[in-house]
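Let's take a walk through this fold together, starting with the helices and then moving on to the sheet. Have the viewer ready and follow along.

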Amino acid sequence: MNSQILDRVVASGICGIKKAELKKIFGKDCDSSLETLAKDDKIIVDNKGVAHYVWSKENYLSHISEHDPKFKIISRLVRNLENSVNQLKTDLAATPAKGHSELPFKTHFDQTIIGLSTSLGWVPFANIRQKVCESLQITTEKFYSLASELIEANQGKYEISTGGQEGIHVRGLLHGYVRKL
């Protein structure tokens, strides 16, 4: 009977199904099945107005995300936190393997841009590479690999321009200048 009740609950979608309606269909014995399904985290029983409704876990999340303003706010905050954690992981991945005392590649890259930028903010990649490779003791290939990843992951924070003798390749063009936005 548990699987039949679960199938009916899942079919009800994000609107859920009244517990009383399930009792009409499956009889009073469905209470023990509902308790078992709730313990197994397969269904959620909650009030909607004065009636008790039953949802599948996924449908309940969809229901409250549409109808509960507090949940919407918390959900948005969790997504922002998730994005921040992912950005931090990206920044940490760009850290050289020398040791935990080294600053991340992004920090060296940004500080070098600030230190070398012209009044318009543009800096040749070659100049940045020279300073960053020296500071972090990394190869030219590693520098351009990390720089490409960094700029790709943070497109709204950097602007690149074609030209120069060395740089990163984007859509088949050599971009030899960068500036921080």
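How are α1 and α2 oriented to each other? Keep in mind that this is a predicted model. Two packed helices are described by the angle between their axes and the distance between the axes, and both values are at hand here. Helix α1 covers residues 2–11 and helix α2 covers residues 19–26; their axes come within 12 Å and cross at roughly 135°. Angles over 145 degrees would count as roughly antiparallel, and 65 to 115 as roughly perpendicular, so α1 and α2 are oblique to each other. Their crossing is right-handed.

Zoom in on the place where the two helices touch. From α1 come Q4, I5, R8 and V9, and they meet L22, I25 and F26 of α2.

Now turn to the strands. They form an open sheet of 3 strands, in the order β1-β3-β2, and the pairing is antiparallel. Strands β1 (17–18) and β2 (43–48) stand at the edges with a single partner strand each, so one side of each has no neighbour in the sheet. Look next at how β1 is joined to β3 (residues 51–56): the two run antiparallel and are linked by 2 bridges. Across this pairing, K18 stands opposite Y53 in β3.

Finally, let's bring helix and sheet together. Helix α1 packs on the sheet, where it touches β1, β2 and β3. The direction of α1 makes about 95° with that of β3.

Terms used
Residues are numbered from 1 along each chain as its sequence is written. This is a predicted model: local features need pLDDT of at least 70, side-chain atom pairs count only at pLDDT 80 or more; totals for chains, interfaces and linings use all residues. Side-chain values use heavy atoms; hydrogens and water are left out. Axes are lines fitted to C-alpha atoms, for helices over the stretch in contact, and angles run from 0 to 180 degrees between N-to-C directions. Helices (H or I, at least four residues) and strands (E, at least two) are DSSP runs, numbered from the N terminus. Angles under 35 degrees count as roughly parallel, over 145 as roughly antiparallel, 65 to 115 as roughly perpendicular and the rest as oblique. A crossing is left-handed if the near helix is turned anticlockwise from the far one by less than a right angle, and right-handed if clockwise. Contact means heavy atoms within 4.5 Å. Two strands pair if DSSP finds at least two bridges between them.
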